[in-house]
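Here is a short briefing on selected side chains. Please keep the sequence and the structure open while reading.

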2 protein chains.
Amino acid sequence: MTESSVGASQARVGTVPDDEDYRQAVVELLGAIAYGELSAFERLAEDAKLAPTLEDKVAMGAMASVEFGHLERLHARLRELGADPFAAMAPFKRGFDDFHAHTAPADWYEGLIKAYVGDGLAADFYREIAAYLDADTRDLVIGSLEDAGHSAFVVDRVRAAIAQDHRLGGRLALWGRRLMGEALTQAQRVAAERDALSALLTGGVDRPGLDLAALGRMFTRLTERHAQRMDDLGLDA
Amino acid sequence: MTESSVGASQARVGTVPDDEDYRQAVVELLGAIAYGELSAFERLAEDAKLAPTLEDKVAMGAMASVEFGHLERLHARLRELGADPFAAMAPFKRGFDDFHAHTAPADWYEGLIKAYVGDGLAADFYREIAAYLDADTRDLVIGSLEDAGHSAFVVDRVRAAIAQDHRLGGRLALWGRRLMGEALTQAQRVAAERDALSALLTGGVDRPGLDLAALGRMFTRLTERHAQRMDDLGLDA
């Protein structure tokens, strides 16, 4: 039995929140993260085919497996919350599938950047949301974000390739901007459709939330971190 | 850090055999298993796209991740043996890639059967070979074969589908025979090309091996177990 397999055997025992709106919001959030991890697994495994060497393929495969490995704990917690994990994931299928359909990498380097930028964006976003969660859920969400140190591999490969071919840098910089745009488009659509999840950010009757100014600052932080990641890769944001 | 990621952090400390021919044979065997697991991971992740439901997709994804999760220990042992894991895997690329190219499933059920029959055949074969290995390597090889209990899921799905559509049973029975034929063809080709690996089976100066009659009995056992698996699925072998 590895951590990659999905079951309830290692379920953490957590509490179920009394507040039904909050419980529903957490179910939506965990469903979104779980579907996001499943679709990331699928796309990374697919994009691993573009790898020029076996080493690169294994590195990309490892990133895919890490994503899949998070599903078990997310599913266990969803069950604790009285939700069917698959029903909880289903509403997010369209948003993530559309994102991936619109951002199919044309080559290995686009795949690498998508893995790095997409994973980084998702991690930043979930970390921002984590501030509004109970401790149990927060630990689970943060634990789902570890990337097992594969980022260094991407930075290394991309910088080496750009050093050899400067035109590649220009193309990949545009690609990075497109990934950011598609991610924001889909995130906005999901937020518009999922009331409970949006309420987490905007607050509830007895829960503080973000006002519009705070929401604006959050997006500024997300954009700044994206720019930093592009810079790490040697690309213009 | 999950078990799915690849690195040397959890390397077992084992001995390096004095016999150079034997060391080379083990390097070839572990290289073959490692490439087989990597290609199984890729194909299972690909075939998971055919899944009719999210539950099925996650079950197939779990099988893919289990395969990938074995790579780390195999690579660690290859390094201990003084081999480059990727160089050790490379000679087996063609055989496994050809097998998969010739057995691309046409639908979800063909994918399920391929996962079940392919995994079972590989496991039987490696278990047969394990009898000729030192204790360290044997433990490693046997440990690479656990399927984390996903077989029950395949049997369940296939039997239910056949019960609903008897013609499907006929088609899938033919498919199972083709899988067996392709696997034997590729295995034979690999054995013909890899001297050290073949010598493991046929013996060395101071190591007993299989004579032709024993080799025949081994293939009979493999065929019988394949027939048993087809029977478990409700299919004619």
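Does D124(B) count as buried or exposed? D124(B) counts as buried, because its relative accessibility is 6% and the cut-off for buried is under 20%. The model is predicted. The points below cover D124(B) and its contacts, then aromatic pairs.

**D124(B) and its surroundings**

- D124(B) sits in helix α6 of chain B, which covers residues 108-130.
- The side chains of D124(B) and R229(B) are joined by a polar contact of 3.0 Å.
- D124(B) is in contact with L222(B), R225(B) and R229(B), leaving aside neighbours within four places in sequence.

**Aromatic pairs**

- Over all chains, the count is seven aromatic pairs.
- In one pair, the ring centres of Y35(A) and F96(A) are 6.1 Å apart; their planes are at 45°, so the pair is tilted.
- Y35(A) belongs to helix α1 (residues 20-47) of chain A and F96(A) to helix α5 (residues 93-102) of chain A, so this pair ties together parts 61 residues apart in sequence.
- Y35(A) counts as buried, at 0% relative accessibility, whereas F96(A) is partly exposed, with a relative accessible area of 24%.
- The rings of F125(A) and Y126(A) also make a tilted pair, because their planes are at 55°, with centres 5.9 Å apart.
- F125(A) is partly exposed at 25% relative accessible area, while Y126(A) is buried at 10%.

**Aromatic cluster**

- One aromatic cluster is formed by F41(A), F68(A), F41(B) and F68(B).

Terms used: Residues numbered from 1 in each chain as written. Chains lettered and ligands numbered in written order. Predicted model: local features only at pLDDT ≥ 70, side-chain atom pairs only at ≥ 80, totals over all residues. Heavy atoms only, no water. Helix = DSSP H or I, 4+ residues; strand = E, 2+ residues; numbered from the N terminus. Buried < 20%, exposed > 50% of the residue type's maximum accessible area, 1.4 Å probe, protein only. Polar contact = N/O pair within 3.5 Å; in protein donor to acceptor, adjacent residues only side chain to side chain. Contact = heavy atoms within 4.5 Å. Phe/Tyr/Trp six-rings, centres within 6.5 Å; stacked < 30°, edge-to-face > 60°.
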